[in-house]
Amino acid sequence: MFGILRTEKRGQAGREASAGQEAQAVRQNRVLTEDGEPLEYLTFPLLERTGIIGHLFSTRIGGVSRGECATMNFSVERDENRENVLENYRRIARVLDCQVADMVASHQTHTTNIRRMTWADKGKGILRTRDYADVDGMVTDEPGLVLNTFYADCVPLYFVDPIHHAIGLAHSGWRGTVGRMGERMVETMEAQFGSRPEELYAAIGPSICRDCYEVSEDVAVQFIRMLGDQVATPGKEPGKHQLDLWLANELILRQAGLLPSHIAVTDICTCHNSQYLFSHRASGGRRGSLAAFLMLKD
């Protein structure tokens, strides 16, 4: 049976669904591992409709890690058994019909730095040592190369250009969002591949929701000045605000020129669903890491 997800209704607290947006922004999927155990992952129907990509967002279900990292963890730093992490990668590779050696991992430090990845980078950050640092966003136009980023409350941003056959994947926490990571990705794809904003498709993946994400006033003020007070509502106590990273990233993508009907926005909160998805806030930092994967098909 699929894990039961608590979803958040769009349209609450000043949020409205994008015009033309699919009712089902995120789909749950289930396969069986070679051991006959269920492996569950999430996908975006909007991105699938482009017909040129393979992608998924992991859950905690279907891996071999143990303890706080149980079971589908992708962080070597948080898991004392590296072989367990590599087995988790192998299981996802089978879902995507690729090899672990085809993947390349980010080096996330809450920047808006973006790197173009090529086949020369395959395996880096997983099977090979990275020769880059401080990379929170990646783009490529090389089929079969799988981009890989990591999460436990921050926002995954997926980008697909079906015209120029290019993709991008980015990690965007509050620092990345206030730095307009989504817009930086659009600009990078335009510069590298000739992408036009109105031709891009994007997905804002599972992350912490407004109700769970309380921030200090100095953080909230940066977002309010940039995007308006709809993105940060008064918190439960003085000097605190509830920050809506989903809405903030959606507004940034719209301002960057993406069509509302080309943006899928999650309704799944990592913190509310911490038994199904890793959440840094819900676990007090005692957790593994989820992962996003995106590749161009051959």
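**Helix packing, pockets and local backbone features**

H5 crosses H6 in a left-handed manner. This description comes from a predicted model. Two packed helices are described by the angle between their axes and the distance between the axes. For helix H5 (residues 217-227) and helix H6 (residues 245-255), the angle is about 35° and the axes lie 11 Å apart. On the H5 side, the contact is made by Phe223, Met226 and Leu227. On the H6 side, Leu245, Ala248, Leu251, Ile252 and Gln255 take part. The contact of H5 with H6 comprises 7 nonpolar residues, 1 polar residue and no charged residue.

The largest pocket has a volume of about 780 Å³. Its lining is made up of 33 residues. Closest to the pocket centre are Gln108, Phe150, His171, Arg287 and Ser289. Two or more lining residues come from each of helix H2 (82-96), strand S7 (146-151), helix H3 (174-178) and helix H7 (280-283). H2 gives the most, with 4 residues. By residue class, the lining of the largest pocket holds 14 nonpolar, 10 polar and 9 charged residues.

The second largest pocket has a volume of about 310 Å³. It is lined by 17 residues, and those closest to its centre are Ile53, Gly54, Leu96, Met295 and Lys297. Strand S2 (38-43), strand S3 (53-58) and H2 each supply at least two lining residues here. S3 gives the most, with 3 residues. The lining of the second largest pocket divides into 7 nonpolar, 5 polar and 5 charged residues.

Serine 279 sits in the loop between strand S14 (263-265) and H7. Serine 279 counts as buried because its relative accessibility is 2%, under the 20% cut-off. Leaving aside residues up to four places away in sequence, serine 279 touches Ala152, Asp153, Thr270, Cys271, Ser274 and Arg287. One of these contacts, Arg287, is also among the residues closest to the centre of the largest pocket.

Glutamate 187 belongs to helix H4 (residues 181-193). With a relative accessibility of 38%, glutamate 187 counts as partly exposed. Proline 197 is 10 residues from glutamate 187 along the chain. The C-alpha atoms of glutamate 187 and proline 197 are separated by 8.5 Å.

Several local backbone features were also found. Most residues other than glycine have a negative phi, and most peptide bonds are trans. Alanine 70 and threonine 71 are joined by a cis peptide bond, with omega about -10°. Threonine 71 lies in the loop between S3 and H2.

Histidine 110 has a positive phi, near 60°. This residue is in the loop between strand S4 (103-105) and strand S5 (114-116). Histidine 110 is partly exposed, because its relative accessible area is 37%, between the 20% and 50% limits. Aspartate 134 also has a positive phi, near 55°. Aspartate 134 is placed in the loop between S5 and strand S6 (137-140). At 33% relative accessibility, aspartate 134 likewise counts as partly exposed.

Terms used
Residues numbered from 1 in each chain as written. Predicted model: local features only at pLDDT ≥ 70, side-chain atom pairs only at ≥ 80, totals over all residues. Heavy atoms only, no water. 1 Å grid on protein atoms, 1.4 Å probe; cavity = no way out; pocket = protein on both sides within 12 Å on 5 of 7 lines; lining within 4 Å. Points joined across faces, edges and corners; volume = space filled by probe spheres on them. Nonpolar A, V, L, I, M, F, W, Y, C, P; charged D, E, K, R; others polar. Buried < 20%, exposed > 50% of the residue type's maximum accessible area, 1.4 Å probe, protein only. Contact = heavy atoms within 4.5 Å. Axes fitted to C-alpha atoms, helices over the stretch in contact; angles between N-to-C directions. Left-handed = near helix turned anticlockwise from the far one by under 90°.
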